[in-house]
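Subject: Structure for you to look through

Dear colleague,

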Amino acid sequence: MADKKIKWCCDQKRGIQLFEQKPHLSEAYMKEADETIGNMFVSSKKWKIITGYYACYNALYSILMKAGIKSEIHECTIELMDLIEGFSKEDKTFLAKLKSDRIQVQYYLKDIELKDEISVKSFLLKCKSILNEFNQQKIDNLRKMINEA
């Protein structure tokens with residue numbers, strides 16, 4: 001099933017695309033994630049969810065930038081977590097739920113609060129750990145899995 005979703009994402013104009021690896025963009029996205037989580041801790045109500053989501057999303061995207069993978073469709077970016085060593089099904093579920101909550105508060109003005117800031121911080125730390133272990137062999141394997149989807 002994941003392969004079908006990845007293939008669909010690769011077929012979309014703004015979906016998954018392979019390009020030259022961008023270590024400097026990887027660092028910039030992680031720096032952005034760190035700044036955004038700082039904003040989350042001082043935000044209130046819906047902004048806590050919005051900034052929490054983008055902190056996590058940017059941390060994940062920093063891993064993709066290191067591998068030279070671009071995806072402008074958030075659902076596709078999250079789908080790639082299945083192919084990255086170190087992420088669990090729970091991590092993917094957490095980010096997908098945070099994305100859903102962000103959409104609900106941002107576009108439908110739902111009254112949802114972020115109850116677990118620690119999970120956001122833990123997700124960022126996990127992304128940093130994965131990034132630190134993300135050597136060229138792991139990058140090549142990930143790119144190969146995407147090409148074969």
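Among the contacts in the protein chain that join residues at least 6 apart in sequence, 75% are between residues at least 24 apart. Please keep in mind throughout that this is a predicted model, and that what I report was computed from it.

Taken along the principal axes, the C-alpha atoms fill a box of roughly 40 × 30 × 25 Å. Of the 149 residues, 41% are buried, while the accessible surface of the protein chain comes to about 8400 Å², with 50% of that area belonging to carbon and sulfur atoms.

Next, the cysteines. A disulfide is a covalent bond between the sulfur atoms of two cysteines. A search of the whole structure finds one disulfide, which is formed by Cys-9 and Cys-76, with their sulfur atoms 2.1 Å apart. This pair links distant parts of the chain, since Cys-9 lies in helix 1 (residues 2-11) and Cys-76 in helix 4 (residues 74-79), 67 residues apart. The torsion about the S-S bond of Cys-9 and Cys-76 is about -85 degrees, and the disulfide is therefore left-handed. Cys-9 counts as buried because its relative accessibility is 3%, which falls under the cut-off of 20%, and Cys-76 is buried as well, with a relative accessible area of 0%.

Cys-10, by contrast, is in no disulfide, and the nearest cysteine sulfur, that of Cys-9, is 7.0 Å away. With a relative accessible area of 28%, Cys-10 is partly exposed. Cys-127 is in no disulfide either, the nearest cysteine sulfur being that of Cys-56, at 7.1 Å, and Cys-127 counts as buried at 0% relative accessibility.

A residue that I would ask you to find next is Tyr-53, which belongs to helix 3 (residues 46-67). Is Tyr-53 buried or exposed? Its relative accessibility is 0%, so Tyr-53 counts as buried. Leaving aside residues up to four places away in sequence, Tyr-53 touches His-74, Ile-78, Leu-95, Leu-98, Lys-99 and Arg-102. The side chains of Tyr-53 and His-74 are also joined by a polar contact of 2.6 Å.

Several of those names lead on to helix 5 (residues 89-107), which has 19 residues and reaches 27 Å from its first C-alpha to its last, close to the 27 Å expected at 1.5 Å a residue. The buried residues in helix 5 are Asp-91, Lys-92, Leu-95, Leu-98, Lys-99, Asp-101, Arg-102 and Val-105, and what covers them includes helix 3, helix 4 and helix 6 (117-133). Helix 5 is followed by Leu-109, whose phi is positive, near 55 degrees.

Conventions: Residues numbered from 1 in each chain as written. Predicted model: local features only at pLDDT ≥ 70, side-chain atom pairs only at ≥ 80, totals over all residues. Heavy atoms only, no water. Disulfide = S-S within 2.5 Å. Helix = DSSP H or I, 4+ residues; strand = E, 2+ residues; numbered from the N terminus. Buried < 20%, exposed > 50% of the residue type's maximum accessible area, 1.4 Å probe, protein only. Contact = heavy atoms within 4.5 Å. Polar contact = N/O pair within 3.5 Å; in protein donor to acceptor, adjacent residues only side chain to side chain. Expected span 1.5 Å × (residues − 1). Areas by Shrake-Rupley, 256 points an atom, 1.4 Å probe, with all protein chains shown as cover.
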